[in-house]
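Student: I have a structure open and would like to learn how to read it. Can we go through some features one at a time?

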Amino acid sequence: MYVPEAHPDAAAARVTLVVVALGRTARLVDCLASLVAHESRAAFRIVCVVNPVSGDGEGDDDGMLTASIAALDVLVVEPAMNLGWGGGLHAGRQAVGSDLFAWVQDDMVVLPGWLDALVEAADAHPGVGAFGSTRLDGAGAVGLYNAGWCEPPDSAAEWNASDPTEHGLPAEVTAFDWVTSKGLLCRTVAWDAVGGPDPSLFPLTHVDKDFCLHLRAHGWLVALVPTAHLRHAGNQSAPGLLREYLSERLTARIDARWGGIAAALPRAGAAEVDHDCTRARAADVQQWSAREAADIVVDFGRWAQRRRRAADLELVDAHAALAAARGETDALRASRSWRLTAPLRRLRRRGPTTSD
């Protein structure tokens, strides 16, 4: 049951849903509306973190979207700068007083029974610190990247390929090495133990795997809840080239951080393992976000230039290969064998003949 922010019992709600958005958009209104309408036996409130949009991004010039959000009576938190996905969750965490809180992206829509399935799993499995949801596509089929394994020496970029839910779901709540952060339900005590998601993974990419590995290195399990269903539009917050750059940039960081440690953790298990904990970086989320944002502005331009030079070289190679192929074709056409086989080629062009 949704508890509006103005209700006197809002602070006592069992669960807090933290929605992180980039600006006020129509998709954010749709997401919030689906959450407000969501039926659940557990009382929940909603905290909406609206990261500001810079430059020519989506805005709310006429105020209609702001009014629509206000009408839903959710708590709105507005950071002074874009904190990204992980940093936005930190901003929302400051308003969380419940034992459980869920992470929601603004391009998600939750399906009936979603929250009840997560809360029931949390009540039944006290040793699990985070519970992942299951993505369904428009036809109701299980989508990719719900959960999986982190098997060294594979790169973090390949961990998604180990998603065992691609062709089906486990029959019950099942522990994995990582679960997706889309629709994740987290114990507040587990968040505090590891310091939450790493704000240096700005603005997004590999936040879920990094957080899950942190939890497991602190002795918490992570698990997928097969009956907690949602839909996710996917890749709505970053254009394609930027996503490719961020994947390359942050995959190397995750590999360096967790390559050896992941090997020390039991598969789908947890253990107290010495690691680079997030808590120090979580002490100043805004500083880390600003530092990463400034570095990305400079580094992305250099990366794009390198990509362009590489593409230009590939184009030169392609032209050279085409010229070589044309030269070989011309030489073949001038050859004696080409002239001798001309009648056979004419017959082939005519095709088979038929008789009465």
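Student: How many helices and strands does the protein have?

Tutor: This is a predicted model. In it, the secondary structure comes to 12 helices and 11 strands.

Student: What share of the residues is buried?

Tutor: A residue counts as buried when its relative accessible area is under 20%. Of the 356 residues in the protein, 46% are buried.

Student: And among contacts between residues at least 6 apart in sequence, what share joins residues at least 24 apart?

Tutor: That share is 84% in this protein. L230 and P112 are 118 residues apart in sequence, yet their C-alpha atoms are 8.6 Å apart in space.

Student: Is L230 buried or exposed, and which residues does L230 touch?

Tutor: L230 is buried because its relative accessible area is 0%. Leaving out residues up to four places away in sequence, L230 touches M108, V109, V110, L111, W114, S133, T134, R135, L136, K182 and G183.

Student: Let us take a helix. Which residues of α1 are buried?

Tutor: Helix α1 covers residues 26-36, and its buried residues are R27, L28, V29, C31, L32, S34 and L35. These buried residues pack against the strands β1 (15-22), β2 (44-51), β4 (100-105) and β5 (108-110), and against the helices α2 (64-71) and α4 (114-124).

Student: Where does α8 bend?

Tutor: The bend is at W258 and comes to about 50°. W258 is also among the buried residues of α8, together with Y245, L246, R249, L250, T251, I254, R257, I261 and A262.

Student: What describes two packed helices?

Tutor: Two packed helices are described by the angle between their axes and the distance between the axes. Here, the axes of α7 (residues 207-217) and α8 come within 11 Å and cross at roughly 35°. The crossing of α7 and α8 is left-handed.

Student: Which residues make the contact?

Tutor: From α7 they are D210, L213, H214 and A217, and from α8 they are I254, R257, W258 and A262.

Student: H214 is in that list. What else does H214 touch?

Tutor: H214 belongs to helix α7. Setting aside neighbours within four places in sequence, H214 is in contact with V194, R257, W258, H275, D276, C277 and T278. H214 counts as buried because its relative accessibility is 0%. Its C-alpha is also 8.6 Å from that of P197, a residue 17 places away in sequence.

Student: How many disulfides are there?

Tutor: To count as a disulfide, two cysteine sulfur atoms must lie within 2.5 Å of each other. A search of the whole structure finds 0 disulfides. For C48, the nearest cysteine sulfur is that of C31, 8.0 Å away, and C48 is in no disulfide. C186 is in no disulfide either; its nearest cysteine sulfur belongs to C212, at 9.3 Å.

Student: Are C48 and C186 buried or exposed?

Tutor: C48 is buried, with a relative accessible area of 0%. C186 counts as buried at 0% relative accessibility.

Student: What is the phi of T205, and where does T205 lie?

Tutor: T205 is not a glycine, and its phi is positive, near 100°. T205 lies in the loop between α6 and α7. With 22% relative accessibility, T205 counts as partly exposed.

Student: And what is the phi of D73?

Tutor: D73 has a positive phi of about 60°, although D73 is not a glycine. The loop that holds D73 runs between α2 and β3 (75-77). D73 is partly exposed, with a relative accessible area of 26%.

Notes. Residues numbered from 1 in each chain as written. Predicted model: local features only at pLDDT ≥ 70, side-chain atom pairs only at ≥ 80, totals over all residues. Heavy atoms only, no water. Bend = angle between axes of the 7 residues up to and from the residue. Helix = DSSP H or I, 4+ residues; strand = E, 2+ residues; numbered from the N terminus. Buried < 20%, exposed > 50% of the residue type's maximum accessible area, 1.4 Å probe, protein only. Axes fitted to C-alpha atoms, helices over the stretch in contact; angles between N-to-C directions. Left-handed = near helix turned anticlockwise from the far one by under 90°. Contact = heavy atoms within 4.5 Å.
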